[in-house]
Amino acid sequence: MILVAALALLPAVVQKNPAAIPLASSESRAASAGWQKGGAWRDQHEEIKKIGLNHQVDLVLLGDSITQSWGGPGRTVYQAAAQRVWDKHLGHRNAANFGISGDSTQHILWRIDNGAFDNVQPKVISLMIGVNNTPRHTGEQIAGGIEAIVQRINTKLPNTKILLQSPIPAGQAEDHAYRKKLDKATEIIKGLHDGSRVHFLDIREAFITPDGQARTELMARDFIHLTPAGYQAWAEALEDKLAELMERDLVEQAVATLPSDRQMTWQDLEFTCFIHFGVNTFTGREWGTGKEDPKIFNPVDFDADQWVLAAKNSGMKLMMLVAKHHDGFCMWPSPYTDHDVDSSPFKRDIVGEITEACKRHGLRFGFYLSPADLYQIENEKGVYGKGSEYVESVIPTPVPGAPKGPRTFTYTVDDYNRYFLNQLYELLTQYGTVDEVWFDGANPKPGTGQEYNYADWYEMIHTLQPGANIAIAGPDVRWCGNEAGRTRRSEWSVVPATVKEDGTWNGPGATRDDLGSIGMLKTGDKLVWHPAETNTSIRHGWFWRNEEQHVKPAQEILDVWTRSVGGNSVFLLNLTPDNRGLIPDRDTAVLAEVGRILKATYSVNLATDASAETSSDAGAAFAAGNAIDGNPNTCWKTPDWSGHADLVLKLNGEQTFDRVLMQEQIKHFGQRISKFYVDAMIDGVWQEIGQGTTVGYKRILVTDRVTTDQVRIRIRGSRVSATLSNVSLHSAPIQLTLPKAHRSLEGLVELTCDPSGPQIRYTVDGTEPTASSQLYTEPFSMADGGTLKAMAVNAATGETGTVVTRRFGIAKALWKIHSVSSEQADVEPARFAIDDNPDTLWHSQWKGDFPKHPHFITIDLGKEYDLAGFTYLPRKTVNGGTIIGWQVHVSTDGENFIQAAEGEFGNIKNNPIEQIVRLSEKQKARYLKLVSLSAVNDEPWASAAEIGVLVN
């Protein structure tokens, strides 16, 4: 009889659930009839041809009755057990069993030639054939037939890898004639292994004893077929090799995924500028309400050139303007709304003036247009989330003053998407070249039901501005996952994507630590080049509030620059013009210092005139010297799948450096390096000075200051091969380090510098310190809080470092928890909210039958104070329980409370920094109660890492 070949699949395209798909069967054994005449064989051949139409098949097993008996509804005594083995070891790999009883070389060749694989493009074909050839052919002939199959697969399926397996050792004894033939064939087919397309796996040891006898528990009585235990042994022998080959295919896809030209242009920018400016600048809010009166917007000293020059002086190459934030106020005169600059006293086109200033000073331009629009939500004539019909609409929609552009578009959209597309059209056609369009997923008022026609937005942007990268909620650039400037240890630009019905796709969650490992790449429908943009603000908050707002010092900005630009990302730094319409002086001073240090560090390459040697390369076109020739289009490249490789730079004399800069040739070869070490020759011995994981567009390794005439880069992990198009060495100017301040629970402040050595001068009244300010000699008390400003001073030269500012509330030594609505006392008790440790937290009860909002926590401050405000620090990692809506109540006796303030922490989900709330007037109190009314993602819990109070 003919045994039925089984296909155990995990379909990923049409069929959503695992299934076994039987092929046609017959009781007659048609092998002797030949393929051209055997009707049952032909039926099975036609069934195989249909498989690829309905299923994703990544792995195909070809073979004879041994293979066929491995699962499926075939009539063998071992089928059920073998099926279980198949399901456990192979079914999850989208594997199909094309083995058919009686198969021999000519049968398989006929199937390949006659279209069995027309619709099936497997990543791997695993081939075991031989037993059915054995009676009629010599070992050399069997091997020749297998070689013919390999050649035919290579011709028909040039992208498929082949795993050749040694045949199951037929016959019980080592001297059996069949065993000898198959052993001879095995020795010959080993030579077909090339390590790239064709791989060989010898599984004979799993089936024979040390003295050469067949393992009876694994072999059937005919010593040709297998027992259930034999199928288990076969699966175990195959599993690791198949996993390796399937992974190889994925790795090859990953390195073949390349950036587009516009993505390369964007990556070359490295350092870009965000500008948040609008009605929030005049209200002191992080997120507006949509109810603001445009008359409040009047930046009388607005100077576009001052903005652009401040950005340019820091080294930024693009300015991205918030053209419309969530409040809906438009920074250009738009005929589609009256909520814009034309309705303000200012009446000037901010977008237009910025674009012209960018052109004058050589900066590229981009804009952020908030998909969310509170004005369109709150205004009774607004169109956001109102459930309007989807109708065919022309963009730009004809209205008085409608923009004139190169073409029109027709989309089927609702009222808000039409409004939004019209806004996009204005910005894309009226201001010249646009290099980046920035969207986000923030929604200050969820639940409206508004959906976005992203596919239409993307099409129009790439049609009107083909060089514009669509960032964050877009296909060209992704968010790094936080707004604090944190970066990943390993930043891969190739990530998995899940395709949606409209043809757009989603990448993995941006906040994950792992986005591009091989394990992650297996989770999507396809792979995409989707590089990261790292963003943070120069101040605490995205909009200017006042001049008490903290401005990050230059060293902190430089640290983010090094980790982002030097960590395969682009650094987007937000600037906050004030209500005059100018970048404040403190901010411009920091930007100028950043630009000065970057120029001093990277304008000189200490590896100029070096020579390069390597342990291996992929040929003359990829020689070691390409890594230091200054040409971004050339590279040193290692042989494929060669493993480790070293690159040695011999410098032109001894050089002193503390930065090693490396770049891969991503334009043509994608991202590959996953592990590297850097060594320096010191006193005649190689000493490791640093290591890292990914390189990508650029990796900057910060080291101790090293003096040497030789540097070695050891590649110890890569995908397929490694490339380096640029290696350079740099030395950063020696800077005075930032003082660090630590305050005890009792309020004693300790100041340190790392490394120690400089003097520390400080003030506690908020004034700027000078070289003659108070000298730090021992810890001092700030028990009642205040503003500490400190800087390092070189006593010998008088050089001063960057000023560090710390704001302290009152010390917590006397504090205790007066009451709490609930707590998870075993792990996250209420006392953790006042322990001065930001790594611990209070969390309302989350186990069992937990309570929901409102939650509260009441603190006994130990004595009465005139309270000026309070602070709330959300938990560091996940958002769980992070408070949005709040009230604060105060009391002198712990029993009678009055409400002192109420509000929301805007944008705290994406920017979970300490929130500082000042009361409209001071309140005499000993007790403070913080009430949580709502939390991010509508979670039912509340949490706090730290709660503090202000008395100044």
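I begin with Gly786, whose bridge partner in strand S35 is Phe808. The model I am presenting is a predicted one. Strand S34, residues 786-793, is joined to S35 by five bridges, and the two strands run antiparallel.

These strands belong to an open sheet. Four strands form that sheet, in the order S32-S31-S34-S35, with antiparallel pairing. At the edges lie strand S32, residues 774-775, and strand S35, residues 804-808, each of which pairs on one side only.

Let me now turn to strand S13, residues 436-439. Which way do the residues of strand S13 point? Glu436 and Trp438 point one way, while Val437 and Phe439 point the other way.

Next, the pairing of S13. Strand S10, residues 364-369, pairs with S13 in the parallel sense over three bridges. Within this pairing, Gly366 stands opposite Glu436 of S13. Strand S14, residues 469-472, is also joined to S13, here by four bridges, and these two strands run parallel. The bridge partner of Glu436 in S14 is Asn469.

Key:
Residues numbered from 1 in each chain as written. Predicted model: local features only at pLDDT ≥ 70, side-chain atom pairs only at ≥ 80, totals over all residues. Heavy atoms only, no water. Buried < 20%, exposed > 50% of the residue type's maximum accessible area, 1.4 Å probe, protein only. Pairing = 2+ DSSP bridges.
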